[in-house]
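Subject: Structure handover

Hello,

Here is the structure for your files. My notes on what was found follow below it.

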Amino acid sequence: MNTVSDIPTLPALLRRAQAGDERAMNTLLADIAPYVARICRSITHDDGADAAQEALLAVYRGLGSLREPAAFYGWVRSVTVREAVRTAKRRGAETAYSQVEVGRATNPLDTVHITDVLDRLSDAHRQVLTLRAYGLNEEEMAETLSLPVGTVRSRLHRARRRFQEAWQPSAA
């Protein structure tokens with residue numbers, strides 16, 4: 001039976017995994033798998049499982065490059081988003097899924113309305129809105145999508161405007 005003192009801290013677990021400890025690596029991957037799957041599902045929808053597998057593999061391969069344990073979850077998010085976008089592009093030229101996970105809405109119908117409105121947007125607009133919802137800035141989105149920053153900014157501006165236009169009728 002594990003006691004609290006038996007459970008390694010994240011920095012210790014990271015060091016052990018980076019040193020080749022398979023058990024530590026498995027523990028890390030198991031801990032982040034639900035988080036990775038949720039991100040991938042929101043970006044790729046039907047291809048979420050494939051994207052999550054690719055993301056976990058990229059985390060496994062790239063863990064040695066991580067130098068700051070405090071940046072682990074941010075780094076995992078970046079790797080995951082990048083792999084999910086790559087999977088979406090591979091599977092259908094930017095077919096990003098429209099459902100942005102919005103947490104707990106006060107009114108459950110708001111989530112339905114948001115999904116409905118996002119479904120009416122183009123794939124490119126859904127994609128930038130989803131990436132923004134995950135906290136990426138324009139530069140990170142540009143790098144992830146392999147687009148110029150100016151293109152991302154204009155796409156994001158138009159996506160927000162189209163979302164607001166589509167949302168207004170359903171808000172009445």
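Asp21 and Arg16 form a salt bridge, with their closest N and O atoms 3.1 Å apart; the term means a side-chain nitrogen of Lys or Arg within 4 Å of a carboxyl oxygen of Asp or Glu. Asp21 has a relative accessible area of 26% and Arg16 one of 34%.

Before the rest, some notes on the source. This is a predicted model, in which local features need pLDDT of at least 70 and side-chain atom pairs count only at pLDDT 80 or more, while totals for chains, interfaces and linings use all residues. Residues are numbered from 1 along each chain as its sequence is written, and side-chain values use heavy atoms, leaving out hydrogens and water.

The structure holds six salt bridges. Among them, Glu138 pairs with Arg132 at 2.7 Å between the closest N and O atoms, and Arg132 is partly exposed at 25%. Another joins Arg153 to Glu139, at 3.1 Å. This pair links distant parts of the chain, 14 residues apart: Arg153 lies in helix 8 (residues 149-171) and Glu139 in helix 7 (residues 138-145). Helices here are DSSP runs (H or I, at least four residues), numbered from the N terminus. Arg153 is partly exposed at 44%, as is Glu139 at 40%. Salt bridges with shared partners also connect Arg82, Glu83 and Arg86 in one network.

On helix packing, helix 1 (residues 10-18) meets helix 2 (residues 22-44) at about 125°, with the axes 7 Å apart. Axes are lines fitted to C-alpha atoms over the stretch in contact, and angles run from 0 to 180 degrees between N-to-C directions. The two helices are therefore oblique to each other (under 35 degrees is roughly parallel, over 145 roughly antiparallel, 65 to 115 roughly perpendicular, and the rest oblique). Their contact (heavy atoms within 4.5 Å) involves Leu10, Leu13, Leu14, Arg16 and Ala17 of helix 1 with Ala24, Met25, Thr27 and Leu28 of helix 2.

Finally, helix 6 (residues 123-133) is mostly covered, with eight of its 11 residues buried. Just after helix 6, Gly135 has a positive phi of about 90°.

Regards

Methods. Buried means under 20% relative accessible area, exposed over 50%, partly exposed in between (1.4 Å probe, protein chains only).
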